[in-house]
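Subject: Structure for your files

Hello,

Here is the structure I said I would send. My notes on it follow below.

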Amino acid sequence: MGDDGMILNFDLGGDSLAPARTSGGFKGRWTDRLKAKRAQNYRAKKSNGNVNVAVGEGPPVRQRAERQERPQRPKAQPAPEPTEPEKPKSRASLVQADSVLKKKRQELKSLGKVPEGANGTFMSSLWTGNPEAAPITADTQTEETEEKQAPSNAPLADGASTFANLGITPVLANHLTTKLNLKAPTAIQKTAVPELIKTDSDAFIQAETGSGKTLTYLLPIVDRIMRMDATSRQAGLFAIIMAPTRELSRQIYNVLETLIHCKNGPHWIVPGSVTGGEKKKSEKARLRKGMNILVATPGRLLDHLQNTTALEVDKVRWLVLDEGDRLMELGFEEDIGKILDILNARSKVAMQVESSMPKRRVTVLCSATMKANVQKLGEISLKEANYIAAEKTNDGEDGEDGSEKFLAPAQLRQSYIVIPAKLRLVGLNAILQRALIRETAHPKIIVFFSCTDSVDFHFSVFTRKAQQTEAEIKHEQFLARQAKRDLKAKGEDGEKKPEPFVNPAIEKGHLLNSQPLIHKLHGSLAQNIRTATLASFTKSKTASILFCTDVAARGLDLPNLDLVVQFDPPFSPDDHLHRIGRTARAGRDGRAVMFLLPGPEEGYVDAVLKKGIREGQLVRADVDEVIKKGFGAEEKSKKRDFEDKASEWHLDVERWVMEQPEVAAMAAKAWGAHIRAYTTHVSAEKQFFNHRGLHYGHLAKSFGLREKPTAIKVPSNEAGGAKGKPARGAQIKGAPGAGKKRRFDMEDIGDVAGEEAIKKMRMAARAMERKGGLSSEFNIG
Ligand SMILES: Nc1ncnc2c1ncn2[C@@H]1O[C@H](COP(=O)(O)OP(=O)(O)OP(=O)(O)O)[C@@H](O)[C@H]1O
């Protein structure tokens, strides 16, 4: 990401993007395959006594033989290109296969009107040379069960659980039911709120996504402050709430505002926030005026604690650490340690005891997951804390370690699709298309990608005007220029009046039969755009899709989200839970689908997806069925006419990529970034997500690229880098931007959650921050 100029060096090991070999077929770079083929020919000729070898077909020298002894790839790997010598085939069968492929290409050519092989490109069919996925067997669940699971994070419907029974003041309880329309507390609220009102103990609150943790810690704080004799904003700062991102901080601030603005309520309670993304001067002015509850990001809070004398913390009675695991993942441990030291040093709480207020500073740590890093944060921040988890509402069983076994909301219906790389784009189109028809009248869908470039590319794919030729585009541009000239001639050009704000991250989508509003969100976008985009998606009353990176995976409450699509698999099991947790919140229904490649990625199903969910809750979607339904082919039709429909759509994307150099550069950049992001899966999951198993050529196809991987020029991310120039460090042919020491920037790593990458990013981010200002993926405040 060039805009913050942040660049990191990573040593991914010498073999990071190097080709791999198998015992049988040879996979990897085509040059190496060619060499292996020549060596094979040479050996064959030698054994026949015919060693009259031509130049370039020389004997396999020692190095070559050594290279072949590299570790073998796992067995189930993507199938090779049709030309690969997987196993010796008879000439007759090769000729037959070739003629089938040729026939197919002819058909596609007539559909797409694209000259085959133009500019040295290679046009392969979507439907040939794809690796086989493990077959669907009788044991594979392919249909959703009729039986619906009772929601596990819904407000309690037992009649006895009311807000008034939680022990909060009647004014507040009344406000929740009448103004905020909340009928009853959720399970975690029922358990934790009375505890936090009655005791002054630290607490670790763990509850699944969408279970209302925000109100769980806000209610006791607001309630106990409300019980004080009415004072004012100058009475002091009583609570600090820390959250890892600006978006989350703002969301918490908004909930807080709605809570304190209750009729007959304590109008004097003043909330505030300091999260960065605005001038420090404005934040200082707010702090100077005084506030009673402060929501902040850790970096910005520490900055003010160290440099803003107006921020007095001697009366702080609560410190809340929300999204504990994310705070740790983003490397805030050190900042939090310093914040705690400052709070301890300046605290005078013990001297000023108010009857309703805690007699000591209470720290509350919240998390949906219980990872080692959360426990570490607990060790740093909590003293003799109570562990508070929700009372089990339905069939809640405990896992082997005694913790809650089911982590995803019970009512969330999950599925996965094992789809070859070449078909990924048509697969995404089909899933979206289908969801737009199948879900509610105005569905909301979120699609997770591994990196910002991929978000940008796919946003452009689905918002492009299909079938628009270059001539049409030029004509449109001409008309726009002319309109501007006319305005100028009339003296009404935009110079005098400020141009209205047009959010570049929101556009009308162009899917086959629908035009949803498509949004994109990632860390390379300016803060005002991100805020406006989230607000638009949240409030949208029409069908809407959000393409995003993991910046939207944690804590964000996006109301009425129907479907979560993990187009790129998450980088850790926790990321998975948080991503899918954006739907099925507070008892609502929700669906989630994950894309997996045939081969090692399929192992992820048993290892991760099936864990933490109820029996029979995970369904495997059939690729053909999904594409058939998504592309509107007749359901009962036995003919594979959906292939033609999908090919036609894909050809249009390819043509759009090919015809415009800037689109081709965007596609190449996205393809390169996608592969680099793939290398950052956590080590425990490398067995499923190993970049050596990726078929770069097939992946390129799904980015609308026709070039062979070695011919794809990944534009440099470096400032001033020439367009179309391969990225620095791209010395290993066939590997986008690959090299031993590689340059990553924020868009590479800011959006991926590889633990090492995050750690390194964080260190560099701190350095950048010290140098003065950083607009980062993670909104370091
Ligand atoms: N008692 C309740 N009744 C109905 N809805 C509720 C209740 N409490 C909270 N909610 C709603 O549930 C949604 C999720 O709440 P919240 O964002 O606090 O969840 P969370 O547990 O923090 O989730 P995550 O772990 O994903 O951050 C919000 O829209 C909130 O308004």
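How many of the 14 residues of H6 are buried? The count is 14 of the 14, so H6 is largely enclosed by the rest of the structure. Please keep in mind that this is a predicted model. Helix H6 covers residues 213-226, and its length holds up: at 1.5 Å a residue its 14 residues should span 20 Å, which agrees with the 20 Å between its end C-alpha atoms.

For the protein as a whole, the secondary structure consists of 24 helices and 17 strands. Of the 781 residues, 48% are buried. Taking contacts between residues at least 6 apart in sequence, 77% join residues at least 24 apart.

The largest nonpolar core contains 167 residues, and Ile205, Ala667 and Trp671 have the most contacts inside it. Helix H21 (residues 661-678) supplies the largest share of this core, ten residues. Domain 2 (187-389) and domain 3 (412-468 + 502-630) each give the core at least three residues. In soluble globular proteins, nonpolar side chains tend to be buried together.

Helix H12 (residues 372-381) has two sides to look at. Its buried residues are Val374, Leu377, Gly378 and Ser381. Seen down the axis of H12, these fall within an arc of 105°, so they line one face of the helix. An α-helix has 3.6 residues a turn, so residues three or four places apart point the same way. Ala372 and Glu379, on the other side of H12, are exposed. The cover over the buried residues of H12 includes strands E2 (203-206), E6 (318-321) and E7 (362-367), along with helices H10 (324-329) and H11 (333-346).

Regards

Methods
Residues numbered from 1 in each chain as written. Predicted model: local features only at pLDDT ≥ 70, side-chain atom pairs only at ≥ 80, totals over all residues. Buried ≥ 20, exposed ≤ 12 C-beta atoms within 10 Å, placed from the backbone. Helix = DSSP H or I, 4+ residues; strand = E, 2+ residues; numbered from the N terminus. Arc of directions from axis to C-beta. Contact = placed C-beta atoms within 7 Å. Expected span 1.5 Å × (residues − 1). Core = buried A, V, L, I, M, F, W, Y, C linked by C-beta atoms within 7 Å. Domains from an automatic or database assignment.
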